[in-house]
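Please look over the sequence and the 3D structure below before reading on. The text then goes through the parts in turn.

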Amino acid sequence: MTSSAPEPSTTAEPELSTTGAETPGSESPARKRPRPGERRVQILQTLASMLEQPGTERITTAALAARLDVSEAALYRHFASKAQMFEALIDFIEQSVFGLIQQVNDREADPLQRCRRLVALLLQFGEKNPGMTRVMVGDALVYENERLQQRMNLFFDKIEASLRQNLREASVLTTSSTPSVDVQADASAITAFCVGRLLRYARSGFRRLPGEHLEHALSLLMPQGRL
């Protein structure tokens with residue numbers, strides 16, 4: 001996947017990154033009230049961090065509050081429910097991934113290369129944000145509100161639609177007698193591959209990286225000569 005444009009970063013945005021350490025040599029400051037919005041970010045950071053622990057079962061608000069050293073009531077001053085916390089994480093996933101896809105679409109003229117880079121950035125995002133991966137594949141959403149899983153299903157539907165659009169553009173060069181059917185099938189297979197790689201990553205305790213042998217896999221999924 002060669003391109004002169006710089007690869008977009010797939011690392012989590014600063015608002016969900018780990019909070020910075022104190023300046024070396026400084027006195028530990030007295031505990032003080034967080035600035036407006038700061039506690040909300042801390043809650044989401046902590047939830048994402050807890051999801052990164054391999055083998056983590058369902059996270060309760062009690063466990064989350066204990067990790068933050070606050071009461072459960074304090075959590076509910078910022079989020080009406082745990083489902084709303086997960087919705088905020090899903091918002092972050094959607095904004096990050098679709099923002100990266102838009103960057104690729106803006107920079108890459110070749111539709112087949114756009115497809116290859118879309119797959120790469122999606123898997124890289126999951127690899128660099130393991131807690132988010134458990135949300136993406138639904139492991140973290142078991143026993144939670146059904147609408148959360150529906151949102152993630154819609155997320156992958158949009159990924160498939162983006163692939164389908166790019167493949168449709170690439171199919172202009174194909175000799176297939178059924179390009180529309182081929183595009184539908186190819187987009188579905190590529191999306192299933194992405195979901196499978198992310199799921200394996202989560203289920204392996206984040207040991208089997210989703211980008212493993214990616215170039216070889218992409219050559220099988222999107223051979224240059226076929227499209």
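The paragraphs below go from the whole chain to helix packing, then to aromatic rings and charged side chains.

This is a predicted model, in which local features need pLDDT of at least 70, side-chain atom pairs count only at pLDDT 80 or more, and totals for chains, interfaces and linings use all residues. Residues are numbered from 1 along each chain as its sequence is written, and side-chain values use heavy atoms, with hydrogens and water left out.

Start with the chain as a whole. The protein chain has nine helices and zero strands. Helices (H or I, at least four residues) and strands (E, at least two) are DSSP runs, numbered from the N terminus. In sequence order, the pattern of the protein chain reads α-α-α-α-α-α-α-α-α. Of the 227 residues in the protein chain, 45% are buried. Here buried means under 20% relative accessible area, exposed means over 50%, and partly exposed is in between (1.4 Å probe, protein chains only). A contact means heavy atoms within 4.5 Å. Among contacts in the protein chain with a separation of 6 or more, 72% are between residues 24 or more positions apart.

Next comes a pair of helices. Helix 1 spans residues 38-51 and helix 4 spans residues 82-107; their axes come within 10 Å and cross at roughly 85°. Axes are lines fitted to C-alpha atoms, for helices over the stretch in contact, and angles run from 0 to 180 degrees between N-to-C directions. Helix 1 and helix 4 are therefore roughly perpendicular to each other. On the scale used, angles under 35 degrees count as roughly parallel, over 145 as roughly antiparallel, 65 to 115 as roughly perpendicular and the rest as oblique. Helix 1 brings Arg40, Ile43, Leu44, Leu47 and Leu51 to the contact, while helix 4 brings Met85, Phe86, Ala88 and Leu89. Sorted by class, this contact of helix 1 with helix 4 has eight nonpolar residues, no polar ones and one charged residue. The classes are as follows: Ala, Val, Leu, Ile, Met, Phe, Trp, Tyr, Cys and Pro count as nonpolar, Asp, Glu, Lys and Arg as charged, and the others, Gly among them, as polar. Leu44, which lies in helix 1, has a relative accessible area of 9% and is therefore buried. Leu44 and Leu64 are 20 residues apart along the chain, and their C-alpha atoms are separated by 9.8 Å.

Now turn to the rings. The structure holds four aromatic pairs. Rings of Phe, Tyr and Trp (its six-membered ring) pair if their centres lie within 6.5 Å; planes under 30 degrees apart count as stacked, over 60 as edge-to-face and the rest as tilted. Because Phe92 lies in helix 4 and Phe125 in helix 5 (residues 111-128), the pair ties together parts that are 33 residues apart in sequence. Phe92 has 5% relative accessibility, so Phe92 counts as buried. Phe125, at 1%, is also buried. Another pair is Phe155 and Phe156, with ring centres 5.0 Å apart and planes at 85°, so this pair is edge-to-face. Phe155 and Phe156 are both buried. Ring pairs also link Phe98, Phe155 and Phe156 into a cluster.

Charged side chains come last. Side chains of opposite charge can pair when their charged atoms come close. A salt bridge is a side-chain nitrogen of Lys or Arg within 4 Å of a carboxyl oxygen of Asp or Glu. The whole structure has twelve salt bridges. One of them joins Glu87 and Arg147, whose closest N and O atoms are 2.8 Å apart. Glu87 lies in helix 4 and Arg147 in helix 7 (residues 146-170), so this pair ties together parts that are 60 residues apart in sequence. Glu87, at 18% relative accessibility, counts as buried, whereas Arg147, at 34%, counts as partly exposed. Arg164 forms a salt bridge with Glu160, with the closest N and O atoms 3.8 Å apart. Arg164 and Glu160 are four residues apart in helix 7, so about one helical turn separates them.
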